[in-house]
Each structure stands twice: as C-alpha cells, then as structure tokens.
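The following exercises are to be worked with the sequence and the three-dimensional model side by side. Each task is followed by a solution in steps.

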Amino acid sequence: MKKESISFFKNMNPWKIKVIYLQGIPNLNENFTVRFTPDINGIEISDTINKNKVYLKKEDILSISIEDQSSIQSRIGFKRLLMVGIFALAWRKKEKLSLSYLIIEYKDEFGDKQELYLQSEENNGYQHFVNIKYNLQKFWKESSELDNAEEIIKKEEEIIIAEKEKEDNNVMIGCLFIVIIVVILFIANLK
C-alpha cells in the first residue's frame, strides 16, 4: 500500500480546505466544518468543533459525485433547490461560479437512499473534491488488494504521527529561540 493515499487524509487540514456539511445526515441539522477519516471499511465524516460524526460503510456508498453551481443549475431538482434556495432559479446558465459540492449518495440503516451534501466555497474547491474522491477510491482499492492492509495502515499512521511530532518539536525549538532572542534584546535595552 502506498503512503500517498493514507497521508492525503491524515495531512488534510480542514481549515485550509474548508469543506462544510450542508445536509443529508438524518437528525444532524447544523452546518459544520468537515474532517474525513477513511479506513478499509468506510469513511468517517466528523465535525471538527462539536465532534458530531457519521460513519458511512464502503458497501453502503452508492456514488460520489462532484458538481459546481453551473452543473447544478443545468438540472435544478427539488433537492438541489432546497440546497441553494430560491437563488437557484436566478443563476445564469453559462456563468462559472466558485461554489463546489461533493455529493455522496448512500443507503442508511433502513436501506433508504440518502444524499449527503458537502460544500466548498474555495476557488479550487472542485479540485479539492476531485482529490478527495480519487484518494478515497485509491485508498480502498489498495487496501482491498492486501491481506495485511490494517497492519500497513497502522505502521504508515505511526510514521506520519512521528513526522508531525518532529515537525512540531522543530517549531517549538524555533519559537523558544525567538523568545530567548527577544529576552536578550530586552535585557540589553535595560542597561
């Protein structure tokens, strides 16, 4: 298993990508910034602040699609009208707008079809969603081809955590160095 598909999700900063949950999870009505955590059996979509989360099993995910406002506008349906409101009718057909949506169609525990809508307002949000979809599919393909995928994933995660700790230690040393310089300059100015 290659490290890229694992590290893509481990290194993804929700404040940098800023993906917002809109709707689609029963009994979860509030919007929140999303963090993706895949494993070999599915993906956890969690709230970075309130710790709300939902786990979608790989076999329950029917499709993952990526759309922008112009593609949604070309086929305004009832659900999409609810998603963007009355403004959906005012969109011009050839105008390229920056909102992007990741739509995950899945079966809930009762076998009913649900659609989970995630939104990005970033200019490159569409590409972020393409990367998420690609790396998720790559992650699941690679993990399904190996008998010891969980063991490899755990080792890769340990390596990523060790690299982050090393990076954090370097940042702390740099901050300490700056504080020492400021203190020395302050003491020098007192004399």
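**Exercise 1. Identify the aromatic pair and describe its geometry and setting.**

Solution. Step 1: The structure, which is a predicted model, holds 1 aromatic pair. Step 2: The partners are Tyr-21 and Phe-32, with ring centres 4.8 Å apart and 15 degrees between the planes. Planes under 30 degrees apart count as stacked, so the pair of Tyr-21 and Phe-32 is classed as stacked. Step 3: Tyr-21 belongs to strand β1 (residues 19-23) and Phe-32 to strand β2; the two are 11 residues apart, and the pair links distant parts of the chain. Step 4: Buried means under 20% relative accessible area. Tyr-21 is buried because its relative accessibility is 0%, and Phe-32 is buried because its relative accessible area is 5%.

**Exercise 2. Locate Thr-33 and decide whether Thr-33 is buried or exposed.**

Solution. Step 1: Thr-33 is part of strand β2, which covers residues 32-39. Step 2: Its relative accessibility is 10%, so Thr-33 counts as buried. Step 3: In sequence, Thr-33 and Gln-119 are 86 residues apart, yet their C-alpha atoms are 9.6 Å apart in space.

**Exercise 3. Describe the nonpolar cores and the surroundings of Leu-116.**

Solution. Step 1: The largest nonpolar core has 27 residues, and Phe-36, Leu-56, Leu-102 and Leu-116 have the most contacts inside it. Step 2: Helix α5 (residues 125-144) gives the most to this core, contributing 5 residues. Step 3: Leaving aside residues up to four places away in sequence, Leu-116 touches several residues, among them Tyr-21, Ile-45, Leu-56, Leu-102 and Tyr-106. Step 4: A second, separate core has 5 residues, including Leu-22, Leu-99, Ile-103 and Tyr-117. Step 5: Leu-99 is found in the loop between α4 (78-84) and β6 (100-107). With a relative accessible area of 18%, Leu-99 is buried. Leu-99 and Glu-67 are 32 residues apart in sequence, with 8.7 Å between their C-alpha atoms. Step 6: As a general background, nonpolar side chains tend to be buried together in soluble globular proteins.

**Exercise 4. Which residues form the salt bridge, and how far apart are their closest N and O atoms?**

Solution. Step 1: The structure holds 1 salt bridge. Step 2: Lys-113 and Glu-105 form the bridge, and their closest N and O atoms are 3.2 Å apart. Step 3: Lys-113 is exposed because its relative accessible area is 55%, whereas Glu-105, at 17%, is buried.

**Exercise 5. Which residues make the nonpolar surface patch of about 490 Å²?**

Solution. Step 1: Phe-177, Ile-178, Ile-181, Val-182 and Leu-185 make this patch. Step 2: Ile-178 is placed in helix α6, spanning residues 149-190. Step 3: Exposed means over 50% relative accessible area. Ile-178 counts as exposed because its relative accessibility is 53%.

**Exercise 6. Summarise the protein chain as a whole.**

Solution. Step 1: The protein chain has 6 helices and 7 strands, in the order α-α-β-β-β-β-β-α-α-β-β-α-α along the sequence. Step 2: Of its 191 residues, 38% count as buried. Step 3: Among contacts with a separation of 6 or more, 57% are accounted for by residues 24 or more positions apart. Step 4: The accessible surface is about 12,400 Å², and 55% of this belongs to carbon and sulfur atoms.

Methods. Residues are numbered from 1 along each chain as its sequence is written. This is a predicted model: local features need pLDDT of at least 70, side-chain atom pairs count only at pLDDT 80 or more; totals for chains, interfaces and linings use all residues. Side-chain values use heavy atoms; hydrogens and water are left out. Patches are made of residues with over 30% relative accessible area and no salt bridge: like charges are joined within 9 Å, nonpolar side chains (Val, Leu, Ile, Met, Phe, Trp, Tyr) within 5 Å. Accessible areas come from the Shrake-Rupley method with a 1.4 Å probe; for residues, only the protein chains shown count as cover. A salt bridge is a side-chain nitrogen of Lys or Arg within 4 Å of a carboxyl oxygen of Asp or Glu. Helices (H or I, at least four residues) and strands (E, at least two) are DSSP runs, numbered from the N terminus. Buried means under 20% relative accessible area, exposed over 50%, partly exposed in between (1.4 Å probe, protein chains only). Rings of Phe, Tyr and Trp (its six-membered ring) pair if their centres lie within 6.5 Å; planes under 30 degrees apart count as stacked, over 60 as edge-to-face and the rest as tilted. A nonpolar core is a set of buried Ala, Val, Leu, Ile, Met, Phe, Trp, Tyr and Cys residues joined through side-chain atoms within 4.5 Å. Contact means heavy atoms within 4.5 Å.
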